[in-house]
Amino acid sequence: MARIYINETRKVSHINPEIYGQFSEHLGRCIYEGLYVGEDSDIPNVNGMRSDVVEALKEIRVPVLRWPGGCFADEYHWKDGIGPKEQRKKMINTHWGGVVEDNSFGTHEYFELCRQLGCKTYINGNVGSGTVQEMSEWVEYMTFNGLSPMASLRAANGHEKPWKVDIFGVGNESWGCGGNMRPTYYGDLYRRYQTYVRNYDADAPIQKVACGPNVNDYEWTEKVLDTCFNPSPCHLHGFMDYLSLHYYTTPGPWEHKGSATEFTVEEWYNTLHKALYMEELVEKHGAIMDRYDPEKKIGLAVDEWGTWFDVEPGTNPGFLYQQNTMRDALVAAVTLNIFNKHSDRVKLACIAQMVNVLQSMILTDKERMLLTPTYHIFHMYRSHQDAELIESRIEGVETEGGAMYEVPTLQESVSVDQDGVLTLTVANLSLENSYPVEVSLEKLKPTSVEASILTDEKDAFNSFDEPDRVAERAFDGVAVTEQGLKFTIPACAVVSLRIR
């Protein structure tokens with residue numbers, strides 16, 4: 001029997017809602033067809049945004065949305081996406097699929113989408129092919145409330161009042177598609193560009209994200225911090241509020257990542273083994289950050305993460321469209337548990353991507369829409385947002401997967417919200433074995449439990465013919481005891497418990 005010990009009297013750190021953030025890029029059918037169909041579409045929409053998709057995303061309490069990329073951000077010139085749609089410039093999306101980008105979804109549309117979702121805004125600026133002036137004018141266009149050329153242009157385009165930019169990324173993947181830069185060079189560029197990301201509203205400062213490492217490039221983290229982190233009375237965070245980290249989980253080599261739906265038992269454990277590597281990355285990059293920032297004022301922003309498999313057969317390779325199975329659900333569950341457990345340093349994260357791309361929440365096919373297994377994980381975990389991580393540990397956990405891909409069978413995280421309700425999320429990574437679990441609480445005597453479960457075969461997924469095969473369902477197998485709780489978690493499953 002596995003035992004989960006919860007010390008609800010000890011709060012460890014705050015779980016920022018932004019850990020559960022989303023990412024939308026001008027890539028494949030993420031924005032066009034997925035989020036945005038245009039005002040004249042037969043698909044029900046509000047100001048061009050798909051009503052069914054927006055309502056579903058509101059259910060998982062999307063806290064922040066990153067846009068316009070990704071690699072696309074460093075070839076995006078924002079003035080192409082404002083003004084009358086028929087006059088906007090058309091371009092070829094050279095990064096993703098070689099298709100025409102007509103810029104009908106631009107700055108105004110993005111803020112309208114965030115308004116409908118009720119989420120914070122995270123804009124990624126162009127350092128790779130853009131200028132300081134271009135970035136500075138975009139910030140002025142979006143946020144300046146007064147008389148200026150860009151504020152006047154915004155008003156002429158139909159939005160007199162400024163918007164609120166919560167977070168601004170200065171470049172994306174500058175070590176790769178964003179310019180193939182070296183860390184010290186990028187660090188100097190960051191210092192320069194971020195200077196002109198002005199805070200025009202002192203009561204609503206923009207939080208700035210510096211481009212951090214690709215996976216385990218610890219030298220990048222060290223040198224960027226060494227270049228940029230010099231706190232002073234004017235720059236308490238050393239010019240930045242976040243340092244980004246990108247890591248994708250792939251079972252195979254980059255050139256052949258493997259199928260999203262057809263995989264072996266070995267590939268199952270390999271994928272989850274690699275997903276668990278996220279914890280080592282967070283800890284090691286975090287240790288470097290601790291030397292510069294022991295008070296943890298800078299957040300680690302894992303603003304691209306998720307599974308990356310070969311595209312679905314017959315689809316455009318540049319669209320990165322993949323199906324979503326129980327394997328993806330388990331990757332999401334263990335990753336979110338890791339972020340919760342390290343919420344003292346991880347302050348922001350964005351799964352890639354929101355709709356129709358990589359490990360998405362939603363898939364669409366013209367007027368049809370379905371929710372993926374990963375969507376259901378985000379729904380089950382939504383109560384962790386803005387809660388307090390509390391101390392917990394598991395004993396009696398076995399391992400599976402063999403020596404090469406060894407993973408713990410069970411993994412958890414626990415939080416308490418402002419109403420005193422505990423949320424316990426538990427993932428069972430085993431493909432064959434269910435496990436009885438006993439939960440012990442320090443002082444709390446549970447009076448009621450609301451529980452749900454996501455479970456199915458390892459390669460089960462939702463299709464447009466069978467959209468509800470894999471779905472969150474009520475879990476009635478939890479017993480309240482004098483010591484706490486008892487339940488048995490099935491193989492290949494995730495359980496969420498709300499304990500009162």
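This is a predicted model: local features need pLDDT of at least 70, side-chain atom pairs count only at pLDDT 80 or more; totals for chains, interfaces and linings use all residues.
## The barrel

Eight strands make up a closed barrel, in the order β2-β5-β8-β9-β10-β11-β12-β13, and their pairing is parallel. On average, neighbouring strands of this sheet are turned by 25° against each other, direction ignored. One of the pairings joins strand β2 (residues 21–23) to strand β13 (residues 346–352), in the parallel sense and over 3 bridges. Within it, Gln-22 stands opposite Ile-351 of β13.

## The open sheet

A second sheet is open and has 10 strands, ordered β23-β22-β26-β20-β19-β16-β1-β21-β25-β24, with mixed pairing. Its edges are β23 (473–474) and β24 (479–480); each has a single partner strand, so one side of each is left without a neighbour in the sheet. Helix α9 (residues 373–380) packs on this sheet, where it touches β20, β22 (449–455) and β26. The direction of α9 makes about 165° with that of β22.

Strand β20 (residues 422–428) is largely enclosed by the rest of the structure, because 7 of its 7 residues are buried. In a regular strand, side chains alternate between the two faces of the sheet. In β20 both faces are covered: one side carries Leu-422, Leu-424, Val-426 and Asn-428, the other carries Thr-423, Thr-425 and Ala-427, and all of these are buried.

On one of its pairings, β20 meets strand β19 (residues 410–416) in the antiparallel sense over 7 bridges. Here Thr-425 of β20 is the bridge partner of Ser-413. The two strands form a hairpin with 5 residues between them, and Gly-420 in the turn has a positive phi of about 85°.

Strand β20 also pairs with strand β26 (residues 493–499), again antiparallel and over 7 bridges. Two bridges of this pairing can be named: Ala-427 has Val-494 of β26 as its partner, and Thr-423 has Arg-498 of β26.

## Two helix pairs

Two packed helices are described by the angle between their axes and the distance between the axes. The table gives these values for two pairs.

| Helix pair | Angle between axes | Distance between axes |
|---|---|---|
| α5 (residues 183–195) and α6 (residues 218–228) | about 35° | 8 Å |
| α3 (residues 132–143) and α4 (residues 149–156) | about 55° | 8 Å |

The angle of about 55° makes α3 oblique to α4. The crossing of α3 and α4 is right-handed. On the α3 side the contact involves Glu-137, Glu-140, Tyr-141, Met-142 and Thr-143, which meet Pro-149, Met-150, Ala-151, Leu-153 and Arg-154 of α4. By type, the residues of this contact are 6 nonpolar, 1 polar and 3 charged.

Helix α5 likewise passes α6 in a right-handed crossing. From α5 the contact draws on Pro-183, Thr-184, Tyr-186, Gly-187, Asp-188, Tyr-190 and Arg-191, and from α6 on Trp-220, Lys-223, Val-224, Thr-227 and Cys-228. These residues of the contact of α5 with α6 comprise 6 nonpolar, 3 polar and 3 charged.

Most residues other than glycine have a negative phi, and most peptide bonds are trans. Several sites in the model depart from this pattern, as described below.

Two peptide bonds are cis. The bond from Trp-67 to Pro-68 has omega near 10°, and Pro-68 is placed in the loop between β5 and β6 (91–92). The bond from Ala-352 to Gln-353 has omega near -10°, and Gln-353 belongs to the loop between β13 and β14 (362–365).

Val-215 has a phi near 55° and is found in the loop between β10 (207–210) and α6. Leu-320 has a phi of about 50° and lies in the loop between β12 (299–307) and α8 (326–341). Is Leu-320 buried or exposed? Its relative accessible area is 7%, under the 20% limit, so Leu-320 counts as buried.

Note on methods:
Residues are numbered from 1 along each chain as its sequence is written. Side-chain values use heavy atoms; hydrogens and water are left out. Buried means under 20% relative accessible area, exposed over 50%, partly exposed in between (1.4 Å probe, protein chains only). Helices (H or I, at least four residues) and strands (E, at least two) are DSSP runs, numbered from the N terminus. Two strands pair if DSSP finds at least two bridges between them. Axes are lines fitted to C-alpha atoms, for helices over the stretch in contact, and angles run from 0 to 180 degrees between N-to-C directions. A crossing is left-handed if the near helix is turned anticlockwise from the far one by less than a right angle, and right-handed if clockwise. Contact means heavy atoms within 4.5 Å. Ala, Val, Leu, Ile, Met, Phe, Trp, Tyr, Cys and Pro count as nonpolar, Asp, Glu, Lys and Arg as charged, and the others, Gly among them, as polar. Angles under 35 degrees count as roughly parallel, over 145 as roughly antiparallel, 65 to 115 as roughly perpendicular and the rest as oblique.
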